[in-house]
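Dear colleague,

My notes on it come directly after.

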Amino acid sequence: MSAAAAPRSLLADSPDLLPPKRRPKTKRIAPSKPPEPPPSPRRAPPRRRPPPPLAPSAYGRILRCASRGPSLALASLAHSHMLRTGYRPGLFLCNSLLAVYCRCGDMRHGRLLFDGMPRRDVVSWNTLIAGYSSAGSARLALDAFRDARGSGICADRFTYAAVLGACAGARDGRSGGAAHGLAVVSGHARTAFVTNSVIDMYAKCGMIDEVRLVFDRAEERDEVTWNLLLSAYVRMGWPEVAVNVLVWMHRSGAKLDAFSLGGIVKACTELEDSEDVRKMLHGCVVKVGLDLNVFVGSAMVDMYAKNGGLEEAVKVFDCIPDQNVVVYNAMIAGFARLGNDPCPEIRIEAVRLYSNLLRRRIRPSKFTFKSLLEVCNLTNAVRCGRQVHAHVICSGFEGDEYIANALINLYSKAWSVDDSLRCFHRTPKQESFTWTSMITIFVEDEQFEMALHLFRELCCTEKEPDQFTISSVMNACACLSVPMTCEQIHCYAVKSGFDQFTVCGNSQIAMYRNIGDLTAAKKTFDKITCLDAFSWSQMVLNYAVHGHGREALQLFETMKDRGVMINEFAFLAILVACSHQGLTDEGFRHYESMKSDYRFDLNVNHIACMVDLLGHAGKLSDAEDFITNSGLENDPTLWRVLLRACRVHGDKERGIQIGEKLMLIEPLAASSYVMLYNLYMDAGKISFAMRTRGLMRERGMTKETGISWTEFGGSIHHFSDGGNSCSQKNAISRRMEELLVRVKQKTEHSGMNVWELGFQSKKVGESSISRHGELLAVANGLSTLPNTAPVKVMKNQRISWESHETLKLLSEDENREIIIRDPTRFHHFSQGSCSCQDYW
């Protein structure tokens, strides 16, 4: 290109190319700063060439290494390298890569690879079906099998094995039967490989008849076939048939391996009274040389330990050379499964085994801690349990619900409810049995409001309470003695269907007994479909505490006629009925029958009933001798029963002696000082009474305030002795004044000495009887409830004689039924009489 033809801009930028000529002179102005040079153009980076692909053998070696792992990362790396290099693998490498994806559970990428394969064979389809089966996607596995048959692929034995495995995992017996039919038609069912898959499928679906039919018609059998038949009967819970199969297997010449013997030994663990079978199995294990096998050895340790053969279990445990955590768990669990009354030194061997496990640097599992904590619970080893709890935290098993439940029970036995609650809140899953344990602990600790609050929290969660939860909540309602709350929990049990369970029915009977509703308790008893001994005993006790002694005796005889097993609680209920009604002859007859015919061990409650029975009959001297000869002369409960009899019969001297003895037996019980003070006052020994009160003040003990409570209008109202905390104080006081004036007039007309009733002033407000909480509660009930509704009042202390006589008169004057429950019994006041027959 010439200079004339070049663009002007280019020529201007190149002054050397201009023709020489004279330029005009111009004034130059120096620039403020030199001009910046133009930026150099950016060069594009050189394009990298893709790396060369590897040899097919190299990819094959990589995929073989990834398959052994299996390593998804290594397979993905090889696959991405193939894509980047543009290498198109053959059918063999595609099948290998698909197998790695399926074994690693990455079915998404496996399906993408399968869909992009230009050619597929039966191995490709088998790998895909087996992958879906292993991933638990039985529907996708069956769909892949249908697609394979539709594509014209000839299915082989591995195809049918994969499909049958998918049906077994999904427990789909119908689809498995169809696959079995196709295998028979194709001729592959004759092989032992497919036969084993069919037997395993039917066994997992619970179709034991089909299992036996396939086994009997099998043309080929191997050791796996026999083991699958054996495990099928074990799975069904038929260990006796499994033992017969084992004998048949041995006679047929099949080889006994660790799988077959370990399974049959595990099944025979549940057999009762089968010592000969256990010895036979042990001898068979030794004969085939598997006594040193860890799997078989752990099963034998578990078999002996669960059936009381602890010495044999220890011998087998010592013979196992390579002991692992499974063997240790079986041995520790054996100590946890001992009877109810073992020697604590034997159970503590479980702790020594755990120490040996730690010394051998074997990592414990959650089953180790579960069994170990059960041992601590059974032996009340709270201090050891706390140390185990520390190991649980260090091992990271604190969130396991079974371990948390064991810890909750452990701390509850130490009366450490706060620690139990802390373990409860640290459990992430919090299954229903964990909630039940915590609610039960609150009930046992007499925190009934907390138990109900926790039950309300459970209802707000997604967890469903079970029958034992409802039973514990009913026990809490029974102790609170709140009728409306009891009816609400009863309605919840009916709505949930738990009222059909015997355990809930028994708790419901006790709940209605505590609120004084004998009719509802009788209806509950009649509706229980499966009555047990506790159901009958609860109903006998219901009649007993409500003053129906004859009905209790009649029900007890019916219980014996129907062959119900009589237990200690049933005898306690009938002795309570006899003692409350003063049936001396019947009481001693049942007492002697309990000792001679049934040979039950007597506890303090049975002895207390007999002392009360003798006291009711006025045989105070015989009652005192009975306590002395019972071997429980240092138990304060028996002396308190006799002291109450002395007060009823007016034996003041004997009562004072017993009161002084009670102060020595339980010097820190305020009730003993109060009773002795009242005895001194009744006997006119004022100085001794003042000394008792001073001694009580010096030791810092105060009398428990008498509180009565009742339910009106859906809320609980409390009335304390000596005052009224109710909001309707003025109205109740006026109603109480009217009732007492009416009673006073009636006693004056009948000639009764009203001074004994506590009317020591003409003004009701100054009368001592008007300050009893139970009378205030009754006055409120008479004013609030309908005329036909009974008045129910609960009291935490024994009702006084003055209140008792006043309530008798009120029931006659008002023509109302009044029910008072104190710590000793129920008082049903009706038409001027009481169900206790003036003995309480």
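This is a predicted model: local features need pLDDT of at least 70, side-chain atom pairs count only at pLDDT 80 or more; totals for chains, interfaces and linings use all residues.

Residues are numbered from 1 along each chain as its sequence is written, and side-chain values use heavy atoms, with hydrogens and water left out.

The protein chain has 43 helices and six strands (DSSP runs, numbered from the N terminus: H or I of at least four residues for helices, E of at least two for strands). Of its 840 residues, 47% count as buried (under 20% relative accessible area, with exposed meaning over 50%, for a 1.4 Å probe and protein chains only).

In helix H30 (residues 518-527), the buried residues are Leu518, Ala520, Ala521, Thr524 and Phe525. They lie on the same side of H30 because they cover an arc of only 160° around the axis (taken from the directions from the helix axis to the C-beta atoms). Thr519, Lys523 and Lys527, on the other side of H30, are exposed. Helix H29 (502-514) and helix H31 (533-545) are among what covers the buried residues of H30.

Helix H16 (residues 294-306) and helix H17 (residues 310-319) have axes that come within 7 Å and cross at roughly 165° (lines fitted to C-alpha atoms over the stretch in contact, with angles from 0 to 180 degrees between N-to-C directions). The two helices are therefore roughly antiparallel to each other (angles over 145 degrees). Their contact (heavy atoms within 4.5 Å) involves Gly297, Met300, Val301, Tyr304 and Ala305 of H16, and Leu310, Glu312, Ala313, Val316 and Phe317 of H17.

Yours sincerely

Notes. Angles under 35 degrees count as roughly parallel, over 145 as roughly antiparallel, 65 to 115 as roughly perpendicular and the rest as oblique.
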